[in-house]
Amino acid sequence: MWVRLDGVWSDAIHGRPYPGAAKRLLGEMMATIVLIANNIKHDGGVTLHAVGDGPIKTAFAECQAQDALRGIIRLNEDDPQAIRDDMNFNELIGTSRMALTMQFKTGESYQGLVNTGHETLEQNMELYFENSEQLSTTFALNTDGGAVTGCFLQRLPSADLASDLVLAHDEAEWLRLVSLFRTIRPGELSSKDVEGMLRDLFPNDSIRLDSPKPLRFECSCDRDRCSNALKTISSDELLELVDEDGGIQVTCEFCGTRYDYLADEISEGFAGA
């Protein structure tokens, strides 16, 4: 499976003053969840959320209905270490926790914890699928200019009641494909179209491509959600947030949409909350 994010990634960072390495990490996380959501045909939400003590405090990426993306980075203002462009995932996040969450339309959710001890996001995700899902998987991610490109292979289970000979053949084929896949150079991943890249990688294999699917930036914020969030704040705290004009402005961190609340709305709608 293959994905390339350009305009969607630009919309997600929409002028935020993220350092280059932080932009790259957000793009890689967004590409990763698109690959996962579309591979399992998950129509709900898929999120990847990392929290750590490194220069990046929080990194969050979300894919809804396989094609709607958003994400955010929060920098650790207390960390004096400057973010360098050559920092890898582990250096950026530090000692961290990362969770892969799937939210179903029924309201139920599934969450798996991703080990973050390896240098790159690809290595950590491969280990997660190997240990938690028992699925051999390999990822390749690259950021180049204004685009993020991601590609991954995942091994399908062998047929039920397969003989030892078939199992050995399947294992050998998987190892062959992985060895070829790992010859992808970062520049190739970003500069080539998917068909050209696959034909170069696997010249002796038949290749079938599905129709491409467009992706978009989309935020799930709305006024009702914002109002519900304000109702969780005590009246005294709300009064401290009131500005000189007697109102409150709430700005969504993901898309920048601003929700304005007048003094009357605050006193009538949130009194006693």
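**Close-up 1. Thr32 in helix α2 of the predicted model.** Thr32 lies in helix α2, which spans residues 20–39; helices (H or I, at least four residues) and strands (E, at least two) are DSSP runs, numbered from the N terminus. This is a predicted model, in which local features need pLDDT of at least 70 and side-chain atom pairs count only at pLDDT 80 or more, whereas totals for chains, interfaces and linings use all residues. Residues are numbered from 1 along each chain as its sequence is written, and side-chain values use heavy atoms, with hydrogens and water left out. With a relative accessible area of 0%, Thr32 is buried, where buried means under 20% relative accessible area, exposed over 50% and partly exposed in between (1.4 Å probe, protein chains only). Leaving aside neighbours within four places in sequence, Thr32 is in contact, meaning heavy atoms within 4.5 Å, with Leu48, Leu121, Met125, Phe139 and Leu141.

**Close-up 2. The crossing of helices α2 and α4.** The axis of α2 and that of helix α4 (residues 121–131) come within 11 Å and cross at roughly 30°; axes are lines fitted to C-alpha atoms, for helices over the stretch in contact, and angles run from 0 to 180 degrees between N-to-C directions. The two helices α2 and α4 are therefore roughly parallel to each other, given that angles under 35 degrees count as roughly parallel, over 145 as roughly antiparallel, 65 to 115 as roughly perpendicular and the rest as oblique. The crossing of α2 and α4 is right-handed, a term used if the near helix is turned clockwise from the far one by less than a right angle, and left-handed if anticlockwise. On the α2 side the contact is made by Glu28, Met29, Thr32 and Ile36, and on the α4 side by Leu121, Met125 and Phe129. Sorted by class, this contact of α2 with α4 has five nonpolar residues, one polar and one charged (Ala, Val, Leu, Ile, Met, Phe, Trp, Tyr, Cys and Pro count as nonpolar, Asp, Glu, Lys and Arg as charged, and the others, Gly among them, as polar).

**Close-up 3. An aromatic cluster of Tyr128, Phe129, Phe139 and Phe152.** These four residues, Tyr128, Phe129, Phe139 and Phe152, form one aromatic cluster; rings of Phe, Tyr and Trp (its six-membered ring) pair if their centres lie within 6.5 Å, and planes under 30 degrees apart count as stacked, over 60 as edge-to-face and the rest as tilted. By this rule the count comes to four aromatic pairs. The ring centres of Tyr128 and Phe129 are 5.3 Å apart with the planes at 75°, so this pair is edge-to-face. Tyr128 is buried at 3% relative accessibility, and Phe129 is buried with a relative accessible area of 7%. Phe139 and Phe152 form a tilted pair, 5.1 Å centre to centre and with 45° between the planes. This pair links distant parts of the chain, with Phe139 in strand β7 (residues 137–144) and Phe152 in strand β8 (residues 147–154), 13 residues apart. Phe139 counts as buried at 5% relative accessibility, as does Phe152 at 2%.

**Close-up 4. Met98 in strand β5.** Met98 is placed in strand β5, residues 96–103, and is buried, with a relative accessible area of 1%. Not counting residues up to four places away in sequence, Met98 touches Leu48, His49, Ala50, Phe89, Gly112, Leu113, Val114, Thr116, Leu121 and Met125.
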